[in-house]
Amino acid sequence: AEKGRLTIRWYTKPGQITLEIHEIDEILAEENSVRIILKSGRIIRLPTGMLEFDEKRAVRKFLKETTGF
């Protein structure tokens, strides 16, 4: 995250997604995924099922600190 943008990269897939932080409406954390809901209605699902509990917590903490949600 830098300059008001959040870049999401998957290590198992090529490519990345870049989002403006002010476009994020809500972030929902579930057991096996994190959903980022944009103001436009678009939903970006980040799978976290393969991560350990501490890694899942770190993902949620980073998103909370970075975006303020």
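How many positive and how many negative side chains does the protein have, and how far apart do the centres of the two sets lie? I counted Lys and Arg as positive and Asp and Glu as negative, leaving out His and the chain ends, and I placed each charge at NZ of Lys, CZ of Arg, CG of Asp or CD of Glu. On that basis I find 13 positive and 11 negative side chains, with the two centres 2 Å apart.

I note that this is a predicted model, in which local features need pLDDT of at least 70 and side-chain atom pairs count only at pLDDT 80 or more, while totals for chains, interfaces and linings use all residues. Residues are numbered from 1 along each chain as its sequence is written, and side-chain values use heavy atoms, with hydrogens and water left out.

**Overall fold.** The order along the sequence is β-β-β-β-β-α. Along the principal axes, the C-alpha trace spans about 30 × 25 × 25 Å.

**Burial.** I used relative accessible area with a 1.4 Å probe and protein chains only, calling a residue buried under 20%, exposed over 50% and partly exposed in between. Buried residues make up 25% of the 69.

**The β4-β5 hairpin.** Strand β4 (residues 33-38) pairs with β5 in the antiparallel sense over five bridges; I required at least two DSSP bridges for a pair. Four residues separate the two strands of this hairpin, and Gly41 in the turn has a positive phi of about 100 degrees. Opposite Leu46 I find Val34.

Thr48 lies in the loop between β5 and α1, and it counts as buried because its relative accessibility is 5%. Beyond neighbours within four places in sequence, Thr48 is in contact (heavy atoms within 4.5 Å) with Glu31, Asn32, Ser33, Val34 and Lys56. Lys64, in helix α1 (residues 53-67), counts as exposed at 56% relative accessibility. Its C-alpha atom is separated by 17 Å from that of Phe53, 11 residues apart along the chain.
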